[in-house]
Amino acid sequence: YGLLTDAKNTVWGLDFGGADIGHLVPGADPALTIYQTPSEHSRPRRGRVDPSTGILWFAEYGANGIGEMDTNNPSGGLGTSNPTGGIKEFPMPVPFEAPYDVVADKNGDVWAGSMLTDRVVRLDPKTGRSVQYQLPADTNIRRVWVDNAKNPVELWIGNNHQGSII
């Protein structure tokens, strides 16, 4: 439920039906590796590979969290927020948030949106602290985008219920 590529042009697949992340290295002798998230039935979805860090940030719909995985070293040694390795999970600040999409910005903050609540969450993965922002209307968020060219960065959200952009 989400096919992503990284800077090495390898493919990362998120298994929304379970708790797995697949990594396909194409070529004459293709290799597929499966990694499991720490939470059973985490239902990973959407997300992106940050081109500047190689970190795969993804939503954990079933585990109510945000997942972090270093695509340069998927078995261990995650960036600054998880130097011990593996997949790190950050819980959402309220129950049943069920994030749909996740994106990192140039400052290292990670943004998540949910189709079940009308809130956006900004996570600081260095501290694990998050801030929630209440949106002005019934939204049903599917995707979130960050404009890193702006200072401060701007977050763009498609408002499915109102036919608008927030």
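The structure is a predicted model. The protein chain contains 15 strands and 0 helices. Its radius of gyration is 15 Å, close to the 15 Å that the globule rule gives for 166 residues, so the chain is as compact as a globular protein of that length.

**Overall dimensions and surface**

- Taken along the principal axes, the box filled by the C-alpha atoms of the protein chain is roughly 50 × 35 × 30 Å.
- Buried residues make up 46% of the 166 residues of the protein chain.
- The protein chain exposes about 8,300 Å², and 52% of that area is supplied by carbon and sulfur atoms.
- Where contacts in the protein chain link residues at least 6 apart in sequence, 38% of them join residues at least 24 apart.

**Strand β10 and its two partners**

- Strand β10 spans residues 110–114 and is mostly covered, with 5 of its 5 residues buried.
- In a regular strand, side chains alternate between the two faces of the sheet.
- Both faces of β10 are covered: W111 and G113 are buried on one side, and V110, A112 and S114 are buried on the other.
- Strand β9 (residues 99–104) runs antiparallel to β10 and is joined to it by 5 bridges.
- The hairpin of β9 and β10 has 5 residues between the strands, and G108 there takes a positive phi near 95°.
- The hairpin from β10 to β11 passes through 4 residues.
- W111 of β10 stands opposite V103 and also opposite R122 in β11.

**Strand β14 and its two partners**

- Strand β14 has a covered face formed by L155, I157 and N159, and an uncovered face formed by E154, W156 and G158.
- β13 pairs with β14 in the antiparallel sense over 4 bridges.
- Within this pair, E154 in β14 is the bridge partner of D147.
- The hairpin formed by β13 and β14 has 6 residues between the strands.
- Strand β15 (residues 164–165) runs antiparallel to β14, and 2 bridges join them.
- N159 stands opposite S164 in β15.
- β14 and β15 form a hairpin with 4 residues between them, and G163 in the turn has a positive phi of about 60°.

**The loop between β13 and β14**

- N148 lies in the loop between β13 (144–147) and β14 (154–159).
- N148 has a relative accessible area of 31%, so this residue is partly exposed.
- Leaving aside neighbours within four places in sequence, N148 is in contact with A104, D105, K106 and V153.
- The C-alpha atoms of N148 and V11 are separated by 24 Å, and the two residues are 137 apart along the chain.
- P152 is also placed in the loop between β13 and β14, and a cis peptide bond with omega of about 5° joins N151 to P152.

- Most residues other than glycine have a negative phi, and most peptide bonds are trans.
- A98 is not a glycine, yet has a positive phi of about 50°.
- A98 lies in the loop between β8 (88–91) and β9.
- The relative accessibility of A98 is 6%, and the cut-off for burial is under 20%, so A98 counts as buried.
- N140 likewise is not a glycine and has a positive phi of about 60°.
- N140 is placed in the loop between β12 (129–134) and β13.
- N140 counts as buried because its relative accessibility is 13%, where buried means under 20%.
- Leaving aside neighbours within four places in sequence, the contacts of N140 are S114, M115, D118, G158, N160 and H161.
- The C-alpha atoms of N140 and G113 are separated by 8.7 Å, although the two residues are 27 apart along the chain.

Note on methods: Residues numbered from 1 in each chain as written. Predicted model: local features only at pLDDT ≥ 70, side-chain atom pairs only at ≥ 80, totals over all residues. Heavy atoms only, no water. Rg over C-alpha atoms; globule rule 2.2 N^0.38 Å. Buried < 20%, exposed > 50% of the residue type's maximum accessible area, 1.4 Å probe, protein only. Contact = heavy atoms within 4.5 Å. Areas by Shrake-Rupley, 256 points an atom, 1.4 Å probe, with all protein chains shown as cover. Pairing = 2+ DSSP bridges.
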